Amino acid sequence: MLGEAFGVAVVRAETNITARQATRVEMRLLDLRPPGVVRVVDQKTYASDGRPVEHGISVLHPERHPLSLVQEENRRSLGVV
């Protein structure tokens, strides 16, 4: 969409996946039981000239959004599903 609408080529993304204690609001919204641990996905995408074009943070219920890693021989990157 960024390429078609604005001529921005997104060429790289950096994703950090962590876990932490949920806040009270997150526990309520995600219907978590104590101890209330959430998965946090922090992703930044970059244009071909190195400019950041998007930054998103997702707070996920760890049981509803399982983490799967796909690793293949002779691939330049690893996919997160």
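Two strands count as paired if DSSP finds at least two bridges between them. Helices (H or I, at least four residues) and strands (E, at least two) are DSSP runs, numbered from the N terminus.

This is a predicted model, in which local features need pLDDT of at least 70 and side-chain atom pairs count only at pLDDT 80 or more, while totals for chains, interfaces and linings use all residues. Residues are numbered from 1 along each chain as its sequence is written, and side-chain values use heavy atoms, with hydrogens and water left out.

**View 1. An open sheet of three strands.** The strand order is β1-β2-β3, and the pairing is antiparallel. β1 (10–21) and β3 (52–60) are the edge strands; each has a single partner, so one side of each lacks a neighbour in the sheet. From one strand to the next, the twist averages 15°. Angles run from 0 to 180 degrees between N-to-C directions, and axes are lines fitted to C-alpha atoms, for helices over the stretch in contact.

**View 2. The β1 and β2 pairing.** Eleven bridges join β1 to β2 (residues 37–47) in the antiparallel sense. Gln-21 has Val-37 of β2 as its bridge partner. Thr-18 is bridged to Val-40, also in β2.

**View 3. The β2 and β3 hairpin.** Eight bridges hold this antiparallel pair. Gln-43 has Gly-56 of β3 as its bridge partner. Four residues lie between the two strands of the hairpin. In the turn, Gly-50 has a positive phi of about 90°.

**View 4. Arg-12 over Tyr-46.** Arg-12 lies over the ring face, at 4.3 Å from the ring centre. A charge sits over a ring if NZ of Lys or CZ of Arg is within 6 Å of the ring centre and within 35 degrees of the ring normal.

**View 5. The loop between α2 and β2.** Asp-31 lies in this loop. Asp-31 is not a glycine, yet its phi is positive, at about 55°. Pro-35 is placed in the loop between α2 (24–30) and β2. The Pro-34 to Pro-35 peptide bond is cis, with omega near 15°.

**View 6. The largest pocket.** Its volume is about 180 Å³. A pocket is an open set of points on a 1 Å grid over the protein atoms alone, where a 1.4 Å probe fits, with protein on both sides within 12 Å along at least five of seven lines; lining residues have an atom within 4 Å of a point. The lining includes Asp-31, Pro-34, Pro-35, Val-37 and His-61.

How values were computed. Points joined across faces, edges and corners; volume = space filled by probe spheres on them.
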